Amino acid sequence: MGAGIAQLAAASGADTLLYDPDKAALASGIRSIGARLAREVEKGRLEAGKAGMVEAAEELDELIVADVVIEAAPESLELKRNLFGRVAGIVRDDCVLASNTSSLSVTEIAAGVPVPERVVGMHFFNPAPVMKLVEVVAGERSGEAALQTTRELGRAMERHVIDAADGPGFLVNRCGRPFSLEALRIVQEGLATVEQVDRICRLGGGFRMGPFELMDLVGIDVGFEVSKSFYAQSFGEPRWRPSMLAARKVASGDHGRKTGRGWYEYPEAGEHRPPDPGPPEGRGDGFVVIGGWTALADELREAAEAAGWQVEGDGVPALVVDCGGHDEDDPPLQGGPQVILCDEGPLAELDPEGSAAGFFAAAPLGGLVELTRSPTTSEAAARAAEAFFVSIGRHVEWVGDAPGLVLGRIVAQLVNEACFALGDGVGSPEDIDAGMVLGLNHPRGPLEWGDAIGPASVVAVLAGLYEEYREERYRIAPALLRAIRTGTPLRS
């Protein structure tokens, strides 16, 4: 990370000093930065002669000339605080001391450092030369001059700069917490397997990587330590409670890619999973009823018509797809096998003793639809539902019965956490969405997604989860409730 940040600084035209107490690591970092900058010039991505000088600082005293010092030391509060304390005695009082911490309090790092107004957070995402985002974090005593200097430096590095308040995970890592924690809860309850959850997130939600693949990439042990830090800093916030499944993985020594095994096995030759298939080919034949006046219902009607289904007509339908969102004067949906959207409750509650199958898909409609069944679901409904979704070019995945199934509850919790962050003043709507897309490679920002699904639909899933579990983990953010009451978009 330190070498990547130094590369960005040099590429911006700044003369850059690189310090590391490990002399071998320092020499290796200088060589790698030089090679990377040379490749950038060769590929035409960096103008020849633009890069600043990159030199090794053998001792901290050499940093006396610096305008900004960025530390990327291991995540230890004592280590970072001691390092800044030493640097503060060397540099000028107006030199900005920026910490690349991803989980520690900037306010606590600055405590005891002379002139704490110059201490700020400058959180890059790994790998720094690739990820286009940087969070500028204001501690309790951070001065506006230091914050502005840091923002300008981030923009000079051609990063998208967002402002974040000092708190657990700042903005991006906080808003991204539910992606792994809710996935772990789903697997813990036996509603879906690790492979199913990841496949649903990739194909149904458009994520580049499923939550378990991501945990393996980051390191399950690293992620678990971050979870414990969140829980401790928040004095036991239920939404951030660490997972027992992750704790057992850490204890087993299976930490992910770096150990060759985590949630997946990583052979020396080959991939940890087969590649995702393309969309299934199929055609509609006959009449299907798609009920409801929601964005999802509209997308399903359009996809059904494109596949050759009739969505208006008379006779016995091959399938009745109930997407919710009905008007009071709408006629009852009946006449054929039925599949019901499982958002505000599990299928067994929505269709007690009935024969319907259940489904979930989020707007905008992805490439996979989840299906579920209750003890009384008929085989005719299950077969008709699966055949219909395959005919419109969607893969299907059968999972356990719960409100929102898999993708619905993960996305609802992402939207909910973003709304909690918004209400807590952690960041602006624009910065929250940009941070999740640019910092974590999410397919869209959570507030944008919430607006696409509809805040009422998000609340329906959360209310269903709360009714199911009676846990504070699923309480609804006030900002989300206000958006429904006032009819305003989440991104307003």
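**Figure 1. Salt bridges across the predicted model.** The count here comes to 32 salt bridges, and keep in mind that this is a predicted model. One of them joins Glu213 to Arg273, with the closest N and O atoms 2.5 Å apart. Glu213 is buried at 4% relative accessibility, while Arg273, at 23%, counts as partly exposed.

Figure 2. The side chains of Arg239 and Glu417 form a salt bridge, 2.7 Å from N to O. Arg239 counts as buried at 9% relative accessibility, as does Glu417 at 2%. Zoom out and both turn up in a network of salt bridges that also links Arg174, Glu237, Asp424, Glu472 and Arg475.

Figure 3. The structure holds eight aromatic pairs. Take Phe212 and Trp263: their ring centres are 5.1 Å apart and their planes stand at 75 degrees, so this pair is edge-to-face. Phe212 comes from helix H9 (residues 211-218) and Trp263 from the loop between helix H11 (244-252) and S8, so the pair ties together parts 51 residues apart in sequence. Phe212 is buried, with a relative accessible area of 0%, and Trp263 is buried at 13%. Elsewhere, ring pairs link Trp309, Phe359, Phe388 and Phe389 into a cluster.

**Figure 4. Arginines over ring faces.** Arg185 lies over the face of Tyr469, 4.9 Å from the ring centre. Arg444 does likewise with Trp449, at 4.7 Å from the ring centre.

**Figure 5. A six-stranded open sheet.** The strands run in the order S8-S9-S10-S11-S12-S13, with mixed pairing. Strand S8 (288-291) and strand S13 (395-398) are the edges, each pairing on one side only. On average, neighbouring strands are turned by 25 degrees against each other, direction ignored. Inside the sheet, S11 (residues 357-360) and S12 (residues 368-372) pair in the antiparallel sense over three bridges. Look for Gly358, whose bridge partner in S12 is Thr372.

Key
Residues numbered from 1 in each chain as written. Predicted model: local features only at pLDDT ≥ 70, side-chain atom pairs only at ≥ 80, totals over all residues. Heavy atoms only, no water. Pairing = 2+ DSSP bridges. Helix = DSSP H or I, 4+ residues; strand = E, 2+ residues; numbered from the N terminus. Axes fitted to C-alpha atoms, helices over the stretch in contact; angles between N-to-C directions. Phe/Tyr/Trp six-rings, centres within 6.5 Å; stacked < 30°, edge-to-face > 60°. Buried < 20%, exposed > 50% of the residue type's maximum accessible area, 1.4 Å probe, protein only. Lys NZ or Arg CZ within 6 Å of the ring centre and 35° of its normal. Salt bridge = Lys/Arg side-chain N within 4 Å of Asp/Glu carboxyl O.
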